[in-house]
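Me: I have not looked at this protein before. Could you take me through its model in short questions and answers?

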Amino acid sequence: KAVVIACNTASSAAGKRLREKYPQLPIIAIEPALKPAVINCPGGTVLVLATEATLREQKFATLMETWKDRAEIIKMPLPGLPEFVERGELDSPELREFLMGYFSKLEGKKIDGVVLGCTHYPFVRKVISELFDNKVKIFDGAAGTARQLRRRLYSRNMINTSMKSGTITWLNSSDNPKMIELSKKLYNLKLD
């Protein structure tokens, strides 16, 4: 009854085209949570962590243009970070060293907010927060995407009011069964 594109890069690359091709279907696309970050860090510095593809897409450029006058926005691609998550490596010395290699490029700049602009990144949220001495606000687009899905379904009278639990069908583009098991493990993690 609806489609959620839960990847910032795929949302940027295909969201608009999919909506045009399937206008009758609610298609909700995630985007980096730059707006809430800037609103919650007015006049501060917001670091946007995302894939190179997300950061170079027109969708993000438009978003950044809208909010650039209300905070300093620093874009930082993190090529290689999704692979840590896909290996199930969510807190290791190697992960911390990898992240510190990028964060050291900030040269002591005070960061007020960090946007997790890739759906892999919330899985390492705790480590990112710790590397900023737990002194930054962290934002990701998941909650806003879920709220938008609910609004869209509600407006079409498509909300399921049943008290019965639904089911999950696990699919992965990899035929490696370990990837499905990792997906289930990540799904059951508490990220708060």
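Predicted model: local features only at pLDDT ≥ 70, side-chain atom pairs only at ≥ 80, totals over all residues.

Me: In what order do the four strands of the open sheet lie?
Reply: The sheet is open, and its pairing is parallel. Strand 4 (72-77) and strand 6 (137-140) are the edge strands, since each pairs on one side only. Neighbouring strands are turned against each other by 20° on average, direction ignored. The order of the strands is 4-3-5-6.

Me: Which residue of strand 4 stands opposite Leu47?
Reply: Strand 3 covers residues 45-50 and pairs with strand 4 in the parallel sense, over six bridges. The residue of strand 4 opposite Leu47 is Ile74.

Me: Why do the buried residues of helix 6 line one face, and within what arc do they fall?
Reply: Helix 6 spans residues 93-103, and its Leu95, Phe98, Leu99, Tyr102 and Phe103 are buried. An α-helix has 3.6 residues a turn, so residues three or four places apart point the same way. Pro93 and Glu97, on the other side of helix 6, are exposed. Seen down the helix axis, the buried residues line one face because they fall within an arc of 130°.

Me: Which helix gives the most to the lining of the largest pocket?
Reply: The largest pocket has a volume of about 590 Å³. Of the 20 residues that line this pocket, Val4, Ala6, Cys7, Ile30 and Thr119 are the closest to its centre. The element that gives the most to the lining, with four residues, is helix 8 (142-155).

Me: How much space lies in the largest cavity?
Reply: The count of cavities of 30 Å³ or more comes to one. The residues lining the largest cavity are Ser12, Glu31, Pro32, Thr54, Lys59, Phe60 and Leu63. Helix 4 (residues 58-67) gives the most to this lining, with three residues. The space in the largest cavity is about 30 Å³.

Me: Is Thr54 buried or exposed?
Reply: Thr54 lies in helix 3 (residues 52-56) and is one of the residues that line the largest cavity. Leaving out residues up to four places away in sequence, Thr54 touches Asn8, Thr9, Pro32, Phe60 and Gly117. A residue counts as buried under 20% relative accessible area. Thr54 has a relative accessible area of 0%, so it is buried.

Me: What is phi of Glu107?
Reply: Glu107 is in the loop between helix 6 and strand 5 (113-116). With a relative accessible area of 74%, Glu107 is exposed. Its phi is positive, in a residue other than glycine, and is near 50°.

Me: Is Asn134 buried or exposed?
Reply: Asn134 is found in the loop between helix 7 and strand 6. Phi of Asn134 is near 55°, a positive value in a residue other than glycine. The cut-off for exposed is over 50% relative accessible area. Asn134 has 53% relative accessibility, so it counts as exposed.

Notes: Residues numbered from 1 in each chain as written. Heavy atoms only, no water. Pairing = 2+ DSSP bridges. Helix = DSSP H or I, 4+ residues; strand = E, 2+ residues; numbered from the N terminus. Axes fitted to C-alpha atoms, helices over the stretch in contact; angles between N-to-C directions. Buried < 20%, exposed > 50% of the residue type's maximum accessible area, 1.4 Å probe, protein only. Arc of directions from axis to C-beta. 1 Å grid on protein atoms, 1.4 Å probe; cavity = no way out; pocket = protein on both sides within 12 Å on 5 of 7 lines; lining within 4 Å. Points joined across faces, edges and corners; volume = space filled by probe spheres on them. Contact = heavy atoms within 4.5 Å.
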